[in-house]
There are 2 protein chains.
Amino acid sequence: MAEIFSMQHKVLYYEADITDKLSLPMIFNLAVLSSTQESISLGIGPDYTHAKGLGWIILQHVVTINRRPKTDETVTLQTTAKEFNPFFAKRMYRILDAAGNILVDIDALYALIDMDKRKMARIPEEMVDAYQPERVKKIPRQPEPVLVDENKAIDREQPYAVRYLDIDSNQHVNNSKYFDWMQDVLDTAFVKTHEPIQLNIKYEQEVRLGDTIKSEVQLDGDTTVHRIWSGETLSAEASIQWTPAVK
Amino acid sequence: MAEIFSMQHKVLYYEADITDKLSLPMIFNLAVLSSTQESISLGIGPDYTHAKGLGWIILQHVVTINRRPKTDETVTLQTTAKEFNPFFAKRMYRILDAAGNILVDIDALYALIDMDKRKMARIPEEMVDAYQPERVKKIPRQPEPVLVDENKAIDREQPYAVRYLDIDSNQHVNNSKYFDWMQDVLDTAFVKTHEPIQLNIKYEQEVRLGDTIKSEVQLDGDTTVHRIWSGETLSAEASIQWTPAVK
């Protein structure tokens with residue numbers, strides 16, 4: 001069983017949103033930060049994968065949020081490899097407060113791709129040895145996001161042109177930006193008065209500079225059901241469960 | 001003369017842009033981070049100003065960039081109060097590399113406003129005592145940005161709807177977002193192959209959620225001249241000088 005990698009992080013004001021709490025995109029950025037640091041410490045970081053022409057892509061995030069940390073709060077980021085098979089990798093992420101309470105818990109599913117051919121690649125044995133995951137034949141299924149009801153109308157939709165600063169050094173839109181489009185399409189009064197507590201997102205296709213995406217949402221009580229389209233291509237499906245915010 | 005406040009900061013991957021170097025918005029975020037930390041350490045941070053119904057607003061940034069730090073690079077953020085008069089405050093910011101080289105140098109001009117009345121307020125004597133600036137009658141003039149030539153056409157323009165995540169806990173668009181709009185309106189091929197070396201921006205009016213801004217640019221050799229409009233109101237004027245990027 002793999003060891004849990006830990007690192008400290010202080011939430012900075014520019015990582016918070018209007019509520020002065022860690023923004024949704026930053027939750028994902030901090031997760032990726034911790035596993036990148038773990039990979040570097042194991043000698044199989046970005047330099048290693050890039051030299052092999054490989055790159056990790058995120059397929060799904062299943063997230064439970066108990067409390068979003070506030071600006072200036074110091075939190076612990078934890079991560080560890082869970083089940084791996086030759087093509088897929090599951091990883092655990094957690095954000096803990098100073099007292100050790102779990103603020104955020106993420107189950108993430110990854111695959112490795114050949115960057116030139118843009119197709120799935122076998123995870124090198126050397127990497128599996130380093131991460132020490134549980135080796136399995138079949139990756140345990142994760143819960144699916146709530147899907148858009150095709151028999152109902154879309155409640156709100158909005159186009160967004162991909163911006164220069166949405167692109168990261170991998171030359172595509174950083175996965176965290178999807179939350180920008182998903183939150184912005186909602187009614188501001190709703191987002192300001194509700195806290196996200198569960199979130200499930202499947203990334204279907206990457207988005208690139210020059211694309212214009214469409215962010216769609218159906219409202220279903222305290223659940224918002226999202227789709228991100230790039231032209232006719234479905235880029236992501238997600239559902240978020242909210243609870244009225246306590247001031 | 002005021003002491004120089006210093007703090008360390010490691011550039012994280014989500015603070016970098018497509019070039020894997022610290023993004024323009026993040027240069028401004030790190031500056032504000034350092035002076036906020038200085039203010040807190042002096043007992044006159046956001047808690048103090050908010051309790052008095054006051055808030056700092058940024059009027060101008062004059063920036064020299066010698067080199068943008070890279071992801072994972074640890075830098076030193078420095079700041080100090082320079083000249084203050086009863087209504088205006090000048091502040092120095094620097095980003096230094098591990099060897100002490102100045103990577104970025106910023107001259108910033110601030111004013112204090114009454115948050116309710118949205119008008120200028122006198123800087124409390126207690127704050128001036130704490131910051132220990134040079135007390136002056138007249139704030140030294142800063143260089144102006146290159147202005148749009150009214151006799152020439154605008155070369156490129158683009159509307160941008162303000163997004164939920166553009167808003168910070170002060171309920172208006174964070175000043176750093178202006179660079180998002182200013183860089184995005186440029187030709188991507190140009191931004192990817194040029195480094196900003198000088199930047200001068202004057203903030204005229206704040207931008208709020210619900211606004212749609214227009215980002216305009218005139219191209220003048222290696223200088224790009226920008227205006228940000230919110231409706232008929234000029235929100236910011238800026239010029240950026242670029243140099244071909246060395247790979």
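Reply: The model is a predicted one. To compare its copies, they are superposed by least squares on the C-alpha atoms of residues with pLDDT of at least 70 in both. Two copies of a chain are related by a rotation about an axis and a shift along it. Here a rotation of 180 degrees, with 0.0 Å of shift along its axis, brings chain B onto chain A with an RMSD of 0.0 Å. That is the relation of a two-fold axis. In chain B, Y160(B) has the C-alpha nearest this axis, at 4.6 Å.

Me: What makes the surface that serves both copies the same one?

Reply: Of the contact residues of chain B, 100% recur in chain A, so the same surface serves both copies.

Me: How many residues does each chain give to the contact, and which elements of chain B supply two or more?

Reply: Residues count as in contact if their C-beta atoms, placed from the backbone, lie within 7 Å. By that criterion the contact takes 25 residues from chain B and 25 residues from chain A. On the side of chain B that touches chain A, two or more residues come from each of α1 (24–41), α4 (177–184) and α5 (188–193) of chain B. The largest share, four residues, belongs to α1(B). By class, this side of chain B holds twelve nonpolar, seven polar and six charged residues.

Me: Why are β8 (residues 156–161) and β10 (residues 212–220) of chain A called paired strands?

Reply: Pairing requires at least two bridges between two strands. β8(A) and β10(A) have six bridges in the antiparallel sense, and therefore they count as paired. Within this pair, Y160(A) stands opposite I213(A) of β10(A).

Me: What joins β10(A) to β11 (residues 223–230) of chain A?

Reply: Eight bridges join these strands, which run antiparallel. D220(A) stands opposite T223(A) in β11(A). The hairpin of β10(A) and β11(A) has two residues between the strands, and G221(A) takes a positive phi near 65 degrees there.

Me: How do you know that domain 1 and domain 2 of chain A are in contact?

Reply: The domain assignment gives domain 1 (5–135) and domain 2 (156–244) of chain A, and their centres, taken over C-alpha atoms, are separated by 20 Å. Under the 7 Å criterion, 14 residues of domain 1 are in contact with 16 residues of domain 2 in chain A. On the domain 1 side, β2(A) gives the largest share, nine residues. That side has nine nonpolar, five polar and no charged residues.

Notes: Residues are numbered from 1 along each chain as its sequence is written. Chains are lettered from A and ligands numbered from 1 in the order in which they are written. This is a predicted model: local features need pLDDT of at least 70, side-chain atom pairs count only at pLDDT 80 or more; totals for chains, interfaces and linings use all residues. Ala, Val, Leu, Ile, Met, Phe, Trp, Tyr, Cys and Pro count as nonpolar, Asp, Glu, Lys and Arg as charged, and the others, Gly among them, as polar. Domain bounds come from an automatic or database domain assignment.
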